[in-house]
Amino acid sequence: MRFDRIRLRNFRPYDDADLSLRDGVTVIHGLNGSGKSSLLEACFFTLYGSTALDGTLDEVITNGETEAEIDLWFTHADDAYHVHRRLRKSGDRTTTADCVLDGPDVTVEGARDVRAFVADLLRMDAEAFVNCAYVRQGEVNQLINASPGQRQDVIDDLLQLGRLEEYRDRAAAARLGIEDVRSEKRGELRKVESQIETKEGENLYAALDGFENDLVDLDERIEHYESQREKAERTRTEANAVLEEYNERRADLDAVENDIDGLETTIREAERERETHREAVREARERIEQLETEIETRLDSAALGEATEAAVESRRTELAKREETLRDARSEANASATGLRNQAENLAAKADDLADRADEVEARAADRREAATDRENAAAEREATIEDLDTEAAELTAEFDDAPVDRGEAVARRDTLRERRGEARERAAELDATLSSARDRVAEVEELLNAGKCPECGQSVDDSPHADRLKEYRERVDRLAADLADARERAADLDDRTETLDALVEAETRLADIDAERDRLEELATADRETAADLRADAEEADTEAADLRERVAETREIAAEKRAEAADAEDRVEELTTDLDRINAARERLDAVEERLDRIDDCEATIERRNESAERIAETNDERRDRLAELRERRDDLRDAVDEEAVEAARTNKKNAEEYLEDVEAKLTELGTKRDALQERIGGVRSEIDALERLRGERDALAERVTALNDLHEECSRLETTYADLRAELRQRNVETLERLLNETFDLIYGNDAYARLRLNGDYELSVVQKDGSELDPAQLSGGERALFNLSLRCAIYRLLAEGIDGAAPMPPLILDEPTVFLDAGHVSRLVDLVEEMRDLGVAQIVIVSHDEELVGAADDLVRVEKDPRTNRSTVSRSRPAAVAEK
């Protein structure tokens, strides 16, 4: 990334300025206060807005103006971009009126959106930009004085390692979320299991069997009453027919004559029919003999002593009672098997839950021990550091043994000596100037005397009264020279004494830092030891809890095994009872065969009886018909009034009885129907409960699978969280090693003194300077110039680390140095020039330097001159040729 052009209008001291920036080293040159740094600030502000300013927006607009505009053109990854910002002042408030970024296939509007786009494009926000590529004027100690944690955050953010921490936090949040969901699902699972246990305790299947048996009995009773109702209806119909016939005969007495002929014919046919009945009786008797023989052969298999309906009914009753007993036993055994099997499954699930809890508790104990070990190691490291500090403090305290002052007095004594040294130097300077004037005067006098003239009045020596004053001038020069030597000797002595006190002051400062650091480390070490003890106590409690859980797991699984064995025995009992019921069904079938033959015998006997009755009835009827025929013949006219009163009365009685029975049977059937409906409703309710129980079992299985899946997902999130943390630590260590190497390479290049062996950056981002004897100094103990070199080395090393690490994926911004020669002497300024050349050779395409140092100006590829008009207090920029400036 490089800056191509910056254009300003009413920005700080610039009325209207337009500057193109080129590749290579560009030096912005000018007097102090002319506005050199404002050019860099404008570039920085255009990219990141108000967050890039040291002050507020109110200070940006030129005094007396109400608007300011800044345009920046830059190139990134071979793509050109243009950012335009316009500020407007309204009253006491300044706001951003316009902010637009144009790029290839993109236009971004709004200050926040532009800042976010730039930060994403460059992969660094304003703070990262400053820490990486923009060394501001006077910020010598910013990274030096930063804490190791702050220094670590800065470098991690630049190298995008913060993303790994963000991912780790996301994984941790996901893990916690999964734990919440898992706890919720476990609660739901326990609730469903409780509901299942409650429903299984209601013996729903046994209740269903009982209700269904009651329904069968009720259906049989309803069927019996309905059959009787049909018979009553037939009786009523027959009675109505008799009565109708009676009425018809009364109305049709005129047909008697015709009936006589028919009656005679009927008598003859009836005699033939009677003979047919007799033949049928003979055949029925033969069939009865055959059926009795078949019954005799089946009595033993049907367990009957005799072939009677009473014996059959007694045997049937015995089988029904036995069947009922077996069904009740099977229902009870089936319910017992189901209950035991469910108990075994619930106990097994409970044992698995206890085992999971034991695993979690043991893992927690291991984590506590590991954390305790880390705390103890940290405490040991801090105690070792305390010992090193005590050793260093003892060495520094020993420096005061032969010192001219006691500890605590060095600062005051040094300030006094510095004041006296300043006075001595001023005295020496005055004497030096006076001596120089005196010597000039002696030379002038000698020249005049050699020319034969008086040094005072210019007259001839012979005539001058002042010609003999040369000796007086020479004596005065000798006195001044002696006084100057004494003054310089005194100043040198004061220099030596001041340098000694400087070292003692540094020792005092370091001792104070050591005391503070020692107190802090002791407090931290104590806290670490206490925390480690607490963690180990927690681990022991967790071990005890885990052992108890393991014991409960073993006991629960043993009980579950016993319940499974009992369930298996109950299931075997169900199979035995089912076999017994099958035997009863077979016996009932054999009994049905005997009963069927008895019924057929009854049918045959009924047929015989019916046939005999029919034959007798036919005989009787024929007799009656003959009598009737005689009566008809004798009493044709009297038959008009003749009726069969008994038959009519019987019909009336049968009709009345049938109607009364039908009325009673309807009420009974209604009552039984109501009972059957209620029983069916109860059966439906039980079946609904059974369906609900099965649904709960399915829901339980689904919840169990979900909990298992959540356990797996929880483990995956934990592994992912650990992976991100380990990866960040590994990358950080590699970056520290690389950054330490680059820091030493850069420091060796620009530091012209061999007082120090190297610079050290440890894994905790602590910086120190290793001396030749192996001891280490805090960078804050370096002189102002050394700290400036240290800061430049660190900034350039960070820049090189990013450039090497990114490897062109996101081109680096220009390296910007604002007044880098502050605190540097002439020798190190030349080394700074070497550093700039080195950075350019390493591939930094654009380096922008603000400086008034002539040596840096001479080393520029491009020179920008900034001048301020004292009359208008406005600044302008112009470009000059570096070679011409160097020659001048």
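# Briefing on a predicted chain

In helix H10 (residues 410-450), the buried residues are Ala 410, Arg 414, Leu 417, Arg 421, Ala 424, Ala 428, Leu 431, Leu 435, Ala 438, Val 442 and Val 445, where buried means under 20% relative accessible area, exposed over 50% and partly exposed in between, with a 1.4 Å probe and protein chains only. The model is predicted, so that local features need pLDDT of at least 70 and side-chain atom pairs count only at pLDDT 80 or more, while totals for chains, interfaces and linings use all residues. Residues are numbered from 1 along each chain as its sequence is written, and side-chain values use heavy atoms, with hydrogens and water left out.

**Confidence**

- The chain has a mean pLDDT of 81, with 88% of its residues at 70 or more; pLDDT is the predictor's confidence in each residue, from 0 to 100.
- Confidence is highest in strand E4, at 93, and lowest in helix H16 (residues 882-887), at a mean of 48; helices (H or I, at least four residues) and strands (E, at least two) are DSSP runs, numbered from the N terminus.
- Over residues 806-810 pLDDT stays under 50, and the model has 6 contacts beyond four places in sequence for them, a contact being heavy atoms within 4.5 Å.
- Residues 884-888 also have pLDDT below 50, with 4 contacts in the model beyond near neighbours in sequence.
- Where pLDDT is low, the predicted coordinates should not be read in detail.

- The 41 residues of H10 should span 60 Å at 1.5 Å a residue, and the end C-alpha atoms are 58 Å apart, which agrees; the expected span is 1.5 Å times one less than the number of residues.
- H10 is followed by Gly 452, which has a positive phi, near 80 degrees.
- Glu 540 lies in helix H11 (residues 470-634) and is exposed, with a relative accessible area of 55%.
- The C-alpha atoms of Glu 540 and Arg 368 are separated by 9.2 Å, although these residues are 172 residues apart along the chain.

**Nonpolar cores**

- The largest nonpolar core holds 48 residues, of which Phe 3, Leu 8, Leu 47, Tyr 48, Phe 74 and Phe 129 touch the most other members; such a core is a set of buried Ala, Val, Leu, Ile, Met, Phe, Trp, Tyr and Cys residues joined through side-chain atoms within 4.5 Å.
- Helix H1 (residues 36-48) supplies the largest share of this core, 8 residues.
- Another core, of 24 residues, lies apart from it and includes Leu 304, Ile 584, Leu 598 and Ile 608.
- Beyond its neighbours within four places in sequence, Phe 129 has contacts that include Phe 3, Phe 44, Leu 47, Tyr 48, Pro 813 and Ile 816.

**Strands and their pairing**

- Strand E1 (residues 2-11) pairs with strand E4 (residues 67-76) in the antiparallel sense over 7 bridges, with Thr 75 as the bridge partner of Arg 2; two strands pair if DSSP finds at least two bridges between them.
- E1 also pairs in the antiparallel sense with strand E2 (residues 14-20), over 6 bridges, and the two form a hairpin with 2 residues between them, in whose turn Arg 12 has a positive phi of about 50 degrees.
- Strands E9, E10 and E11 form an open sheet in the order E9-E10-E11, with antiparallel pairing.
- Strands E9 (756-761) and E11 (776-777) stand at the edges, each with a single partner strand, so one side of each is left without a neighbour in the sheet.
- Gln 846, in strand E13 (residues 846-850), counts as buried at 1% relative accessibility, and its contacts beyond four places in sequence include Arg 2, Phe 3, Pro 814 and Leu 815.
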